[in-house]
Amino acid sequence: MTSARTVLHALKPAGALDVARIRADFPILSLEVNGKPLAYLDNAASSQTPQQVIDRLVRYQTGEHANIHRAVHYLSEKATAEYEGARRKIQRFINAREEREVVYTRGTTDAVNLVMHGYGRAFLGAGDEIIVSQLEHHSNIVPWQMLCEEKGVRLRVIPCNDAGELLLEDYAGLFNANTKLVAITHVSNALGTINPAKDMIATAHRHGVPVLVDGAQAVPHMRVDVQDLDCDFYAFSGHKMCGPTGIGVLYGKAHMLERMKPFEGGGDMILSVTFEKTTYNAIPYKFEAGTPPIAAAIGLGAAVDYLEGVGVDRIAAHEHDLLVYATEAFAQLKGVRIVGTAQSKAAVLSFTLQGVHPHDVGTILNEDGVAVRTGHHCAQPVMQRFGIPATARASFYLYNTFAEVDALVAGIRRVQKIFG
Ligand SMILES: Cc1ncc(COP(=O)(O)O)c(C=O)c1O
C-alpha cells in the first residue's frame, strides 16, 4: 500500500496539486467527527465549499444585493451585472458558443425536468421513443417516465456489461424511426463509469436525434467542452462543484432552447403581458421565471473561478491518482467487491463487503470520521443490474488525500473485525 503511494507521488508531474494548500481553503475540512479528523469522501453527493466562494456570497449579501433586471438604481444594476457576469464565466467554463445558451436552474434535476416539460411535452407524442441508459440517476429516468405516462412515449434502455460499461452496439441497435431523444449520463454517480459521450452523441446525430447529457458528475471533475461534445443539452449542479446549493445549469444549443416552450410562467420571462396575449422573453430569460437564486448564481461563478484557478486537468489527474491508490488498496482486502470496474472511470469507488450491510459499513466508518455514502445512490436500476440492494461509495475530490484513503481502508478492516 505504502509502495503504491510512493510510486504515485514519484510519478506526479510538476504542477501537481498542492493538496495541503487546497485543504486550507475549505474550513469544514478541519472538523473532527467522533474525535477523529473528518475524511470527507461523499463528494459525488455534494462537495464542500472553499472560503473564496463563501466570501463571495458574504460580499454579495453585504454590499451588492437587490433584485435583478428590474430597476435602475445602483444595487440592482450591480446585482444584475454580477449575476450575468457569472453566466459568462460558466459559458467559458463549458465552452458554450453564446452566453444565452446558459440557463440557470436549481440543479441537474431541475434542468432535466425543464427539458422534459419544454421540449418533451411540446415535441414528443404517442409511439415516440427516448433512449436512456442503465446507468442513469433517477433524475434522468423519472422525468422521462412521467412523459411516457402523459404522452404514451416509450423508454428504451442501453444495457451495460459487468464492469458497468454501456454496450455501444446495443445502443446503436436501439435507434429507429420513432427515436426522438437520447438522455444519457456523462459519468455514472453509482459506478464512476465515464461514458464515451462524444461518440454516443455522434451516433444519435447520425439518426437525426438530439441528445441531453447529465453532466452532474462530469463538470466538477473533468474538462467539459459542450461544443466539442456537440450535445444539444447538458445539465449540471453547482453544489457538486464547490458552489452553493439551489443553483445549476441547463446548457442548450440556442436553436433548441428557442424551440422550447417555457416551463414556468411569471415575472422576468415575458416581454409583454396583456389579458389577451403574453409574449415571452428571449432565451435564457424565457426559462428563468421569478426572482432567481441570485446569490447562488454569483457563488457558482466564484466556484468556477476557483476550479479554473486550481486547474480542472490537475484536479482530474489528482483524483485519478487517488482512485488508482484506493483500488489497489481495496484489492488487498478480502471479501470486498468493487462494483463498477470500467476502463474509463471517475474517482468513485462503490463497494460491498461480504456479510455486512452497506449501512453498517457507513455507520462504523462514521465512527472513524470517514464520510461515505451508502444506499442505492438514486440509481436503483444500476443496483438491480448488479443484483444488490445497495453499496457503500467513496467519492473523491481535489482536497482528498492518500491518508484519507488509508483511513477508509483501516475503517473497512475494523468493520470486518467487528463482523468477523
Ligand atoms: C449523475 C447525477 N445526475 C443527477 C443528479 C441530481 O443532481 P441534483 O440533486 O443536484 O439535481 C445527481 C446527484 O447526485 C447525479 O449524481
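Reply: Helices (H or I, at least four residues) and strands (E, at least two) are DSSP runs, numbered from the N terminus. Thr-203 is found in one of these runs, helix α8, which covers residues 197-206. This is a predicted model, in which local features need pLDDT of at least 70 and side-chain atom pairs count only at pLDDT 80 or more, while totals for chains, interfaces and linings use all residues. Residues are numbered from 1 along each chain as its sequence is written, and side-chain values use heavy atoms, with hydrogens and water left out.

Me: Why is Thr-203 called buried?

Reply: Buried means under 20% relative accessible area, exposed means over 50%, and partly exposed lies in between (1.4 Å probe, protein chains only). Thr-203 has a relative accessibility of 13%, so it counts as buried. Leaving aside neighbours within four places in sequence, Thr-203 is in contact (heavy atoms within 4.5 Å) with Tyr-171, Ala-172 and Phe-175.

Me: What makes Gln-380 partly exposed?

Reply: The relative accessible area of Gln-380 is 35%, and therefore this residue is called partly exposed.

Me: Why do Cys-242 and His-377 count as buried?

Reply: Cys-242 counts as buried because its relative accessibility is 0%, and His-377 counts as buried because its value is 2%. Cys-242 is placed in the loop between β9 (233-237) and β10 (248-252), with a positive phi near 75° in a residue other than glycine. His-377 sits in the loop between β16 (373-375) and α14, and its phi is also positive, about 60°, although it is not a glycine.

Me: How do you know that the protein is as compact as a globular protein of its length?

Reply: The secondary structure comes to 15 helices and 17 strands. The radius of gyration is taken over C-alpha atoms, and the globule rule is 2.2 Å times the number of residues to the power 0.38. For 420 residues that rule gives 22 Å, and the radius of gyration of the protein is 22 Å, so the protein is as compact as a globular protein of that length.

Me: What is the mean pLDDT, and where is it below 50?

Reply: The mean pLDDT (the predictor's confidence in each residue, from 0 to 100) is 95, and 96% of the residues reach 70 or more. Over residues 1-11, however, the pLDDT is below 50. Where pLDDT is low, the predicted coordinates should not be read in detail.
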